[in-house]
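Please read the following briefing alongside the sequence and the coordinates. It goes through a helix, the nonpolar cores, the aromatic pairs and a sheet in turn.

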Amino acid sequence: ALEKFRRMATVIQDSNDAITFQDLEGNILAWNKAAEIIYGYSQAEALSMNIVDTVPTEYQEEARGFLASLKRGELLPNLETKRKHKDGRIIDVWLTNTKLTDEKGKLTGIATTERDITEQTKTLEKFRRMATVIQDSNDAITFQNLEGNILAWNRGAEIMYGFSEAEALTKNVVDTVPTEYQEEARGFLASLKRGELVPTLETKRKTKDGRIVDVWLTNTKLTDEKGNLTGIATTERDISERM
């Protein structure tokens with residue numbers, strides 16, 4: 001049993017995640033190396049603190065409410081929130097919470113595994129802003145896979161082509177191409193599969209009601225996290241009035 005506890009202590013101490021123990025009042029009872037790195041407080045400093053001291057002012061009421069719930073025996077097993085570094089920086093964290101009990105099963109506190117997700121949150125916020133720009137663009141912005149199946153279709157595309165997003169997501173991009181241009185579209189997809197890309201292209205598209213639209217396409221490759229080509233993002237501008 002002693003060896004088991006030693007192994008557990010080593011895992012806790014050497015974890016890349018902050019692992020902290022608190023009593024029912026929020027007083028910090030344990031603080032591993034990763035907690036020192038993530039929050040900037042040494043173990044000696046942390047053991048003289050309450051967990052609320054690591055919480056930004058605007059989140060302290062949430063933290064106190066969490067402790068009050070814990071005293072009632074309630075527990076949020078997972079929580080995304082914010083913490084404050086010793087130097088005042090705000091950190092986005094993902095918490096995984098586990099109850100601590102004594103040998104009789106009585107609740108005594110909480111063990112929390114805390115992961116710094118600040119960079120992921122920044123990336124997510126960046127993607128959210130990008131998604132808003134895409135969705136609200138006056139240009140049609142569409143994503144297609146390597147087969148030409150439509151994966152994304154913004155409001156600009158709905159207005160330009162007349163197909164709702166729900167309709168478009170059941171279609172292939174070739175379905176939006178006039179018959180006499182479909183061979184060109186299939187050739188474009190074949191080139192894309194070979195890793196070739198025409199970055200800009202003037203061509204024609206067909207609306208839901210059968211009208212022919214002159215369009216200027218700007219194409220960008222889509223890749224996965226390993227850099228493998230997965231499809232194409234196309235910005236499409238109606239230039240019929242200029243023709």
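**Helix 4 and its surroundings**

Helix 4 has 12 residues and spans 17 Å from its first C-alpha to its last, close to the expected 16 Å, where the expectation is 1.5 Å times one less than the number of residues. This is a predicted model, in which local features need pLDDT of at least 70 and side-chain atom pairs count only at pLDDT 80 or more, while totals for chains, interfaces and linings use all residues. Residues are numbered from 1 along each chain as its sequence is written, and side-chain values use heavy atoms, with hydrogens and water left out. Helices (H or I, at least four residues) and strands (E, at least two) are DSSP runs numbered from the N terminus.

- The buried residues of helix 4 (buried meaning under 20% relative accessible area, with a 1.4 Å probe and protein chains only) are Q60, A63, F66, L67, S69 and L70.
- Among the elements covering these buried residues are strand 1 (18–23), strand 4 and strand 5 (107–116), contact being heavy atoms within 4.5 Å.
- After helix 4 comes G73, which has a positive phi, near 90°.

**Nonpolar cores**

- A nonpolar core is a set of buried Ala, Val, Leu, Ile, Met, Phe, Trp, Tyr and Cys residues joined through side-chain atoms within 4.5 Å; in the largest one, with 18 residues, I28, W31 and Y39 touch the most other members.
- Two or more residues of this core come from each of strand 2 (28–31), helix 2 (33–39), helix 4 (60–71) and strand 4 (90–101).
- Apart from this core lies another, of 16 residues, including V174, V177, A185 and V213.

**Aromatic pairs**

- Rings of Phe, Tyr and Trp (its six-membered ring) pair if their centres lie within 6.5 Å, with planes under 30 degrees apart counted as stacked, over 60 as edge-to-face and the rest as tilted; by this rule there are two aromatic pairs.
- The ring centres of W31 and Y39 are 5.6 Å apart and their planes lie at 40°, so this pair is tilted, and both residues are buried.
- The rings of W153 and Y161 have centres 5.6 Å apart and planes at 35°, so this pair is tilted; W153 counts as buried at 4% relative accessibility, and Y161 counts as buried at 1%.

- Five strands form an open, antiparallel sheet in the order 7-6-10-9-8, where two strands pair if DSSP finds at least two bridges between them.
- Strand 7 (150–153) and strand 8 (200–206) are the edge strands, each pairing on one side only.
- Strand 6 (residues 140–145) pairs with strand 7 in the antiparallel sense over three bridges, and the bridge partner of Q144 in strand 7 is I150.

Methods:
Buried means under 20% relative accessible area, exposed over 50%, partly exposed in between (1.4 Å probe, protein chains only).
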